[in-house]
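Notes below, in the order I looked things up.

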Amino acid sequence: KMLEKMKNFVKKKNICVLSTISGDKPYCSLMAYITDADCKEIYMVTHKHTTKFNNLQKNPWVSLLIDSRETQPRSNAQALTVNGIFVPLLDEGKKQKIRDHMLESFPHMKDFIHHPESELIRIKINSLLLLEGLTQSHFVSL
């Protein structure tokens, strides 16, 4: 039941903070995202020549933060930390389906999504940590 609550939270939102690693230093980026149907993977798009994409090539481990601060009072805010791993997408058919789905969710990003220098980021989710308010936490490993 908690896992379903967490997955629904991920699906309900579409903006996250992506944290990649450069050497021993974290690097954060605000990203639009979508998920697959069963919320085991998260997809984002970036340009190939960005710091975040370079970081992913060198160290595929990531952390994402998805939160409810814009819709809930701070005392009731929910923050979900997603830990996962970047797995390159090689299947061109799957890439096109994801780009189409991203375009449905973010029509204003059309030029960016279809730019020749853009690359899809696929994150396979390993674990989820949901913080509710200031004291309640729930952890699920996939």
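**Confidence.** I am working with a predicted model, so I checked pLDDT before anything else. The protein chain averages 93, and 97% of the residues score at least 70. By element, I found the lowest mean pLDDT in E8, at 90. The highest belongs to strand E3 (residues 34-35), at 98.

**E1 and its partners.** I started with strand E1 (residues 15-22). Strand E2 (residues 25-32) pairs with E1 in the antiparallel sense, over eight bridges. I looked up who faces Ser 22 across that pairing, and it is Lys 25 in E2. Two residues separate E1 and E2 in their hairpin.

**E7 and E8.** Next I went to the other hairpin on my list. Strand E7 (residues 118-132) runs antiparallel to strand E8 (residues 136-141), and six bridges link the two. Leu 128 stands opposite Val 140 in E8. There are three residues between the strands of this hairpin, and Gly 133 takes a positive phi near 65 degrees. E8 is the element I had already marked for its lowest mean pLDDT.

**Helix H2.** Which residues of H2 are buried? I get Lys 52, Phe 53, Asn 55 and Leu 56. They span an arc of only 155 degrees around the axis, so they sit on the same side of H2. I then asked what these buried residues pack against, and the list is E1, E2, strand E4 (41-47), E5, E6 and E7. That brings back E1, E2, E5 and E7 from the entries above.

**Aromatic pair.** How many aromatic pairs does a search of the whole structure find? I found one. Phe 53 and Phe 86 form it, with 5.9 Å centre to centre and 80 degrees between the planes, which is edge-to-face. Phe 53 belongs to helix H2 (residues 51-58) and Phe 86 to strand E6 (residues 78-86), so the pair ties together parts that are 33 residues apart in sequence. I checked burial too, and both Phe 53 and Phe 86 are buried.

**Asp 67.** Is Asp 67 buried or exposed? With a relative accessible area of 15%, Asp 67 is buried. Skipping residues up to four places away in sequence, I see Asp 67 touching Phe 9, Lys 13, Gln 78 and Ala 79.

**Met 109.** Last stop: a loop residue. Met 109 lies between helix H3 (92-105) and helix H4 (110-113). Its relative accessibility is 15%, and Met 109 therefore counts as buried. Once neighbours within four places in sequence are set aside, Met 109 is in contact with Ala 32 and Val 45. I also took a distance from Met 109 to Asn 8, which is 101 residues apart from it along the chain. Their C-alpha atoms are separated by 24 Å.

How values were computed:
Residues numbered from 1 in each chain as written. Predicted model: local features only at pLDDT ≥ 70, side-chain atom pairs only at ≥ 80, totals over all residues. Heavy atoms only, no water. Pairing = 2+ DSSP bridges. Helix = DSSP H or I, 4+ residues; strand = E, 2+ residues; numbered from the N terminus. Buried < 20%, exposed > 50% of the residue type's maximum accessible area, 1.4 Å probe, protein only. Contact = heavy atoms within 4.5 Å. pLDDT = per-residue confidence, 0-100. Phe/Tyr/Trp six-rings, centres within 6.5 Å; stacked < 30°, edge-to-face > 60°. Arc of directions from axis to C-beta.
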